[in-house]
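The sequence and the model are shown below.

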Amino acid sequence: MENNFDVIIIGGSYAGLSAGMSLGRSLRNVLMIDSGKPCNRQTPYSHNFLTHDGRTPEEISTIAKAQVQKYNTVKFHDEVVVKTAKNSDGFEVETISGKKFYAEKLVLASGVRDVMPNIQGFAECWGISVLHCPYCHGYEVKNTLTGILSNGDIAFDFSKIVFNLTKDLILFTNGKSTLNAEQVEKLNKNKIHVIEDEIVKLEHENGQIQKIILKNGSEVPLKALYAKIPFEQNVDVENLGLELTDHGFIKIDSMHKANIHGVFACGDNVTMMRSVANAIAQGNFTGAIVNKELSEERF
């Protein structure tokens, strides 16, 4: 049947394309389903990726997709997946238009969906001057007036990393601080100012932060803001019966296998290390492991 494949990959960004190339080079019949909305679509440049440092995310993915398309056993379908289910032969995947596809193995390279806080201007700045990763974007805003939006242990640990990039640092807890006394003392020692008042607005120009407006009416000038925000999985976790980690990532073993036989996962949906380079490495590895499992089962 034309809707039957060896492997279906949900997600056609870096991890998915990398897994697709690995499987295409192994002559596997693969379907890649992608919604066309990567989480870094607003990010102007990608960094810390050898041979592609400074390219736009779209440039990298365009090159990657063109290279994967050279392997004629890999097919592409642009649509949103609404349902995934395990059956006796493997897996059934249904898209928003009602189309159904089937495969022996399922690779979830579906990324995550960031949940934006209720702060005016935040979403418009996300990925531009509101940053998630100092390794991807920190060098470009080094030694500038920088903020961190976080609280508690996560905020304290994150402050250590960002402090290496700039000493002009403010921690916004966006409400009552949950830092302990020892952490506050350490932050004070390093002259990191903690602001507990709630943030109501980010004033910006085309996504570039100019200042933060607090609930008490005061204004704080700023060039960049690192933010640790919650996220949701993009796949039907409950219907598949997938286990998640305490942090909300898909739980996988060292071979990138989920708790359901035949399901593999790679990329942003399994790790807090959200970078293009890491996603591509994970996808490459996952594709090889899926091919190995198919080879062993069919031999």
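Two strands pair if DSSP finds at least two bridges between them. The coordinates are those of a predicted model.

Strand E4 covers residues 81–87 and strand E5 covers residues 90–95; the two run antiparallel and are joined by six bridges. Within this pair, Phe-91 of E5 is the residue opposite Lys-86. E4 and E5 make up a hairpin, with two residues between them. On the way to strand E6 (residues 100–108), the pairing is again described as antiparallel, and E5 and E6 share four bridges. Here Lys-100 in E6 stands opposite Glu-94. The hairpin of E5 and E6 has four residues between its strands, and in it Gly-98 adopts a positive phi near 95°.

Strand E3 spans residues 74–78 and includes His-77. Is His-77 buried or exposed? Its relative accessible area is 14%, and because buried means under 20%, His-77 counts as buried. The side chain of His-77 makes a polar contact of 2.5 Å with the side chain of Glu-79. Beyond residues up to four places away in sequence, His-77 touches Leu-31, Met-32, Ile-33 and Asp-34, and also Thr-95, Lys-99 and Phe-101.

Asn-29 sits in the loop between H1 and strand E2 (30–34). With a relative accessible area of 37%, Asn-29 is partly exposed. Once neighbours within four places in sequence are set aside, the contacts of Asn-29 are Phe-5, Asp-6, Val-7 and Thr-73. Between Asn-29 and Lys-105 the C-alpha to C-alpha distance is 11 Å, with 76 residues separating them in sequence.

Helix H1 (residues 14–24) and helix H8 (residues 276–298) have axes that come within 7 Å and cross at roughly 35°. The crossing of H1 past H8 is right-handed. On the H1 side, the contact is made by Tyr-14, Ala-15, Ser-18, Ala-19, Ser-22 and Leu-23. The residues from H8 include Val-276, Ala-279, Ile-280, Gly-283 and Gly-287. Sorted by class, the contact of H1 with H8 holds nine nonpolar and six polar residues, and no charged ones.

E9 pairs with strand E10 (residues 169–172) in the parallel sense, through four bridges. In that pairing, Leu-169 of E10 lies opposite Thr-146.

The last stop is an open sheet of three strands, in the order E12-E13-E14 with antiparallel pairing. Strand E12 (199–205) and strand E14 (219–221) are at the edges and have a single partner strand each, so one side of each is left without a neighbour in the sheet. From one strand to the next, the twist averages 25°. E12 and strand E13 (residues 208–214) run antiparallel and are joined by six bridges.

Notes:
Residues numbered from 1 in each chain as written. Predicted model: local features only at pLDDT ≥ 70, side-chain atom pairs only at ≥ 80, totals over all residues. Heavy atoms only, no water. Buried < 20%, exposed > 50% of the residue type's maximum accessible area, 1.4 Å probe, protein only. Polar contact = N/O pair within 3.5 Å; in protein donor to acceptor, adjacent residues only side chain to side chain. Contact = heavy atoms within 4.5 Å. Axes fitted to C-alpha atoms, helices over the stretch in contact; angles between N-to-C directions. Left-handed = near helix turned anticlockwise from the far one by under 90°. Nonpolar A, V, L, I, M, F, W, Y, C, P; charged D, E, K, R; others polar.
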